[in-house]
Amino acid sequence: MILINAHNLSKSFASKTLFAGVSFGIDEGERVGLVGPNGSGKSTLLKIIAGQMSADQGQVSPKRGLRLGYLEQI
C-alpha cells in the first residue's frame, strides 16, 4: 500500500534549481534514505513532503489519514 506518492516535483530559489521532475512513491514498510551534497535540496524536499513548503511544480499525495512528522535540523 502506497503511503506517499510524489509526482513531477520541482523547486527553485532565485536562479538556482534544486530539483526538477522528481517522482517517487513510498510503500508501507519501506525504509528510505535521502543522500546528497549540501545545498542539493534534501531538506527542502522533506519540507515539501511534510507540507511545510510548497513545490513550484508537481504534487505530493499522502495516503488518507497519514500523519507525518518532521523534525527540522538546526
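Helices and strands here are DSSP runs, with helices being H or I of at least four residues and strands E of at least two, numbered from the N terminus. Hello everyone, and please keep that in mind as we walk through this one. It is a predicted model, where local features need pLDDT of at least 70 and side-chain atom pairs count only at pLDDT 80 or more, while totals for chains, interfaces and linings use all residues. Residues are numbered from 1 along each chain as its sequence is written, and side-chain values use heavy atoms, with hydrogens and water left out.

Let's begin with the overall layout. The chain holds 1 helix and 3 strands, and from the N terminus the order is β-β-α-β. Along the principal axes, the C-alpha atoms fill a box of roughly 35 × 25 × 20 Å. How does the radius of gyration of the chain sit against that of a compact globule? For 74 residues such a globule would have a value near 11 Å, and the chain has 12 Å, which agrees. That radius is taken over C-alpha atoms, and the globule rule is 2.2 Å times the number of residues to the power 0.38.

Now the surface. Accessible areas come from the Shrake-Rupley method with a 1.4 Å probe, and for residues only the protein chains shown count as cover. The chain's accessible surface comes to about 5500 Å², and 50% of that belongs to carbon and sulfur atoms. I'll call a residue buried under 20% relative accessible area, exposed over 50%, and partly exposed in between (1.4 Å probe, protein chains only). On that scale, 19% of the 74 residues count as buried.

On charges, there are 8 positive and 5 negative side chains, and the centres of the two sets lie 5 Å apart. Lys and Arg count as positive, Asp and Glu as negative, and His and the chain ends are not counted. Each charge is placed at NZ of Lys, CZ of Arg, CG of Asp or CD of Glu.

Next, contacts, meaning heavy atoms within 4.5 Å. Of the contacts in the chain with a separation of 6 or more, 53% are between residues 24 or more positions apart.

On to the helix. Which residues of helix 1 are buried? Helix 1 spans residues 42-50, and its buried residues are Thr 44, Leu 45, Lys 47, Ile 48 and Ile 49. Their cover includes strand 1 (2-13), strand 2 (16-27) and strand 3 (57-62). Ser 43 also lies in helix 1, but Ser 43 is partly exposed, with a relative accessible area of 24%. Beyond four places in sequence, Ser 43 is in contact with Tyr 70 and Gln 73. Ser 43 and Gln 73 are 30 residues apart in sequence, with 8.3 Å between their C-alpha atoms.

Gln 52 counts as partly exposed at 49% relative accessibility. Setting aside neighbours within four places, Gln 52 is in contact with Lys 47 and Tyr 70. Ser 54 is found in the loop between helix 1 and strand 3 too, and Ser 54 is exposed, at 53% relative accessible area. With neighbours within four places left out, the contacts of Ser 54 are Lys 11 and Ile 48.

Back to strand 1, which contains Ser 10. Is Ser 10 buried or exposed? Ser 10 is buried, because its relative accessible area is 11%. Not counting residues up to four places away, Ser 10 touches Phe 19, Ala 20, Gly 21, Ala 55, Asp 56 and Gln 57. The side chain of Ser 10 also reaches the backbone nitrogen of Gly 21 at 3.3 Å. That is a polar contact, a pair of N or O atoms within 3.5 Å; within protein, one must be able to donate a hydrogen and the other to accept it, and residues adjacent in sequence count only if both atoms are side-chain atoms.

Last, two backbone angles to look at on your screens. Asn 8 has a positive phi near 55°, in a residue other than glycine. Asn 8 sits in strand 1 and is partly exposed, with a relative accessible area of 28%. Ala 14 has a positive phi near 55° as well, again in a residue other than glycine. The place of Ala 14 is in the loop between strand 1 and strand 2, and at 88% relative accessibility Ala 14 counts as exposed.
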